[in-house]
Amino acid sequence: MAQPRISKVKRRKIAIFLRCVGISFVAWLLFAVSTVQTYTINAGISYVNIPEKKAFHPLQSDTVSIRMKISGWKIFMRRLQPDTPHIQVDLSGLKTRNFIVFTNQLGYINRQFPADNQVVAVSPDTLFFDFSKQTQRKVPVRPLYNMQFKKQYGIIGDTRANPEYVTVTGPLEDVANIEFLETDTIKGTNVGADIRTVAYLNKHQKNNITIYPTFSEISIPVGEITEKVVEVPLRVENAARYTSVRILPSKVKVAFLVSLKDYNKWSSRDFEAIVDMENWEKNNVQSLPVIMTKIPDYCKIISIEPQNVDFFVRR
């Protein structure tokens, strides 16, 4: 059955209708992005002007909701590239009370945003704090790093921090639980030389503590490494109940990476390899796996040959 054909007049009307819809949509879009609207975002908070000789615990989350007047175009861009801004909260008012009201700080908060972003409200509007005894202690600095080295290069010595210890001040309950402080992660690619850099210390979102100093100079020795092979005698553990235990072979070849400057420093005496007879007693294994119990610092094991050894037991 032949389908009815649309006449030229109807096609023209449809084209005009679609054109009007398109123009209306564009006009609506331009109107939407040009008008100022109220938009809500989440923001993290940090504290400034912390009262001296007072330690405190925030009694709420470190994230608040901010209502601001912002253009539709900026709302559109924020949705394309969402982020979580941070705002600073002035705690100077805690000298006389245990709470901070955001309504009284809207002017200070607005100065932290562009002029065309007007903050009108923050939720919750009031932050409460619990005061406790303040204390100090010194804790060691622990450098964190994530680096990719050139071929045949790696870390060849102890990583050092200067200063090695920093002073942490804050509530007794929080400071007592801090055993060390990590630095921000030190990153590098294609590294082939010693690294010396300044890394800031990470509070791990503990805004109610202060650190002095807030950074440490980190030195990481990097050098060329090479492969070395040594023969390590095997020691048998948990064999006292047997008349004799014989293992074949009695030595294993251990291949490891070592820095060129330490190539002659390490020998088979600096390694220790064992086999444990409990593996046979508990698991009834046919061969015993080799276990490395002693490896020098900054030596990386590549292979152990053989990884399992045969054994003969006389009860």
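**A tour from the cavity to the sheet**

The largest cavity has a volume of about 40 Å³, where a cavity is a set of points on a 1 Å grid over the protein atoms alone at which a 1.4 Å probe fits but cannot get out, and the volume is the space filled by probe spheres set on points joined across faces, edges and corners. The model is predicted, so local features need pLDDT of at least 70 and side-chain atom pairs count only at pLDDT 80 or more, while totals for chains, interfaces and linings use all residues. Residues are numbered from 1 along each chain as its sequence is written, and side-chain values use heavy atoms, with hydrogens and water left out.

Next, select F99 and F128. Rings of Phe, Tyr and Trp (its six-membered ring) pair if their centres lie within 6.5 Å, and planes under 30 degrees apart count as stacked, over 60 as edge-to-face and the rest as tilted. By this rule there are 4 aromatic pairs, and one of them is the tilted pair of F99 and F128, at 6.2 Å centre to centre with 50 degrees between the planes. Because F99 lies in strand β5 (residues 99-101) and F128 in strand β7 (residues 126-132), the pair ties together parts that are 29 residues apart in sequence; strands are DSSP runs of E, at least two residues long, numbered from the N terminus. F99 is partly exposed at 29% relative accessible area, a class between buried (under 20%) and exposed (over 50%), with a 1.4 Å probe and protein chains only.

Finally, select β19, β25 and β22, which form an open sheet of 3 strands in the order β19-β25-β22, with antiparallel pairing; two strands pair if DSSP finds at least two bridges between them. β19 and strand β25 (residues 308-314) pair over 5 bridges, and I247 has F311 as its bridge partner in β25.

How values were computed. Helix = DSSP H or I, 4+ residues; strand = E, 2+ residues; numbered from the N terminus. 1 Å grid on protein atoms, 1.4 Å probe; cavity = no way out; pocket = protein on both sides within 12 Å on 5 of 7 lines; lining within 4 Å.
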